[in-house]
Amino acid sequence: ADMLALGQAYAVYGFFPESDQCLQRAIALRPEAAANWFWSGLVLNRLGQTARSTERLLEAARLDPDRVDECRYIAARNHLRDDSLAKAEDEVRQIGPDHLAGQYLLAYLMVHTDRSAEAMPILDRLIARFAQVHRLYQLRARAEELLGDDEAARRDRETAERSV
């Protein structure tokens, strides 16, 4: 627990190599602790070691079902950093429907890979639950534009501009 706490402190202050060393030690001492794997995955992400980060995050997800969506979201972003669009989409499709960032990323990937029609139900569902999030309207406006519905796109852009 002390090595985890020290690793977290180093990470919070931006000392990622030092944090990585502490977290590797924490994993060695308590490999059953999901928090050790999760924080190690976060730190490796910050160090640009995306493959190792993803491995650690998926181990954290295996150990702690409450972290699955967050771990998969960060793993998907790791895949995007590695230019592995298919892996990123596979990862993000496993994220639950209540994870806003993960569902937004899925819709974003669809809109930007010429599948706006597939993104629309996701965006509609997210906007119904999170009406205050202006980025959802912006992304839906982009999708509507690509689908040829300029009037709906204009309305969503206006709504996004009025959002906090």
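This is a predicted model: local features need pLDDT of at least 70, side-chain atom pairs count only at pLDDT 80 or more; totals for chains, interfaces and linings use all residues.
Let me start with Arg93, which is partly exposed at a relative accessible area of 42%, where partly exposed means between the limits for buried (under 20%) and exposed (over 50%), with a 1.4 Å probe and protein chains only. The side chain of Arg93 meets that of Glu118 in a salt bridge, 3.9 Å from N to O, a term that stands for a side-chain nitrogen of Lys or Arg within 4 Å of a carboxyl oxygen of Asp or Glu. Because Glu118 lies in helix α8 and Arg93 in helix α6, this pair ties together parts that are 25 residues apart in sequence; helices here are DSSP runs (H or I, at least four residues), numbered from the N terminus.

Residues are numbered from 1 along each chain as its sequence is written, and side-chain values use heavy atoms, with hydrogens and water left out.

Glu118 is itself partly exposed, at 41%. A second salt bridge joins Arg115 and Glu89, at 2.6 Å from N to O, and this pair links distant parts of the chain, with Arg115 in the loop between α7 and α8 and Glu89 in helix α6, 26 residues apart. Is Glu89 buried or exposed? Glu89 is buried, with a relative accessible area of 12%, whereas Arg115 is partly exposed at 22%. Through shared partners, salt bridges join Glu89, Arg93, Arg115 and Glu118 into one network.

By the same rule the count comes to 16 salt bridges, and one of them is between Glu59 and Arg62, with the closest N and O atoms 2.6 Å apart. Both residues lie in helix α4, three residues apart, about one turn of the helix, and Arg62 is exposed at 57%.

Turning to helix packing, the axes of α3 (residues 34–46) and α4 (residues 50–63) come within 8 Å and cross at roughly 155°, where axes are lines fitted to C-alpha atoms, for helices over the stretch in contact, and angles run from 0 to 180 degrees between N-to-C directions. The two helices are therefore roughly antiparallel to each other, a description used for angles over 145 degrees, just as roughly parallel is used for those under 35. Helices α5 (residues 68–81) and α7 (residues 100–111) pack at about 30°, with their axes 10 Å apart, and are therefore roughly parallel.

Technical notes:
Angles under 35 degrees count as roughly parallel, over 145 as roughly antiparallel, 65 to 115 as roughly perpendicular and the rest as oblique.
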